[in-house]
Amino acid sequence: MLNVIIFGAPGSGKGTQSENLIKKYNLAHISTGDVLRAEMKNGTELGKLAENYIAKGQLVPDDVVIGMLANVLDSKKDAAGVIFDGFPRTIPQSEALEKMLKERGQEVSIVVSLEVEEPELIDRLIKRGQQSGRSDDNLETIKSRLDVYKNQTSPLKEHYKTTGKLVPIKGIGTVEDIFLKISEAVDNIK
Ligand code: AP5
Ligand code: MG
């Protein structure tokens, strides 16, 4: 099983590159953001809870996201592997993921970290906000998402560096060029 974590700040291209990875490597896609937005759209209890955090650009509490992930993971059992997009985002989430994979006789294969500077991230998200309808694609919320990334999520990079799984990749340029670099990194571990 190929378990890829696609890591990076809001707007770094996690979702965009996930689509390419899914096709090339026949992986299942788990985007916790997409799962939460679907819950919001369906008006579930989980969706209502998540909405308050997402609209402010804050993280949904760890126990909620971790609880949700176990179910989603088991629904993808038949895939050649999984791409985790937007998860883990905190140290407790990374510990929970490692435990969940270990219980299933698996481990994280690679952590691809898309590196993009803040002005470019803001530019991309503001542009997307003009059509996306996402409640968090406005300047105020984008700024808090970027702060949350800096303070709560980016420290995970150190963790994955020590495990030797982290591959930083420059996330600026064409989508195709960036994907070539990601593919090279993934092929190297196989
Ligand atoms: P989530 O849905 O994960 O959003 P995010 O991390 O803020 O990132 P985005 O989805 O906005 O960006 P992306 O990196 O996927 O980039 P994309 O490919 O779309 O999370 C949303 C919220 O849900 C969180 O704030 C939190 O509240 C909650 N949540 C989710 N997971 C959670 C968790 N694990 N724990 C707790 N809370 C959680 O690209 C962005 C734009 O740039 C697009 O318009 C795209 O077309 C464009 N673009 C992509 N690549 C390029 C390129 N190379 N050049 C130019 N433009 C490009
Ligand atoms: Mg995304």
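**Sheet, packed helices and pockets of the predicted model**

Ala 28 has Val 82 in strand 3 as its bridge partner. Strand 2 (28–31) and strand 3 (residues 81–85) run parallel and are joined by four bridges; strands (E, at least two residues) and helices (H or I, at least four) are DSSP runs numbered from the N terminus. The model is predicted, so local features need pLDDT of at least 70 and side-chain atom pairs count only at pLDDT 80 or more, while totals for chains, interfaces and linings use all residues. Residues are numbered from 1 along each chain as its sequence is written, chains are lettered from A and ligands numbered from 1 in the order in which they are written, and side-chain values use heavy atoms, with hydrogens and water left out.

The five strands form an open sheet in the order 2-3-1-4-5, with parallel pairing; two strands pair if DSSP finds at least two bridges between them. Strand 2 and strand 5 (166–170) each have a single partner strand and stand at the edges, so one side of each is left without a neighbour in the sheet. From one strand to the next, the twist averages 20°. Helix 1 packs on the sheet and touches strand 1, strand 2, strand 3 and strand 4, where contact means heavy atoms within 4.5 Å. The direction of helix 1 makes about 165° with that of strand 1; axes are lines fitted to C-alpha atoms, for helices over the stretch in contact, and angles run from 0 to 180 degrees between N-to-C directions. Helix 2 lies across strand 2 and strand 3 and runs at about 70° to strand 2.

The largest pocket holds about 1,100 Å³ of space. A pocket is an open set of points on a 1 Å grid over the protein atoms alone, where a 1.4 Å probe fits, with protein on both sides within 12 Å along at least five of seven lines; lining residues have an atom within 4 Å of a point. Grid points are joined across faces, edges and corners, and a volume is the space filled by probe spheres set on the points. Of the 50 lining residues, Gly 11, Lys 14, Arg 128, Arg 134 and Arg 145 lie nearest the centre of the largest pocket. Helix 6 gives the most to this lining, with eight residues. The lining divides into 15 nonpolar, 21 polar and 14 charged residues, with Ala, Val, Leu, Ile, Met, Phe, Trp, Tyr, Cys and Pro counted as nonpolar, Asp, Glu, Lys and Arg as charged, and the others, Gly among them, as polar.

The second largest pocket holds about 150 Å³. Its lining includes Ala 9, Glu 115, Tyr 149 and Lys 157.
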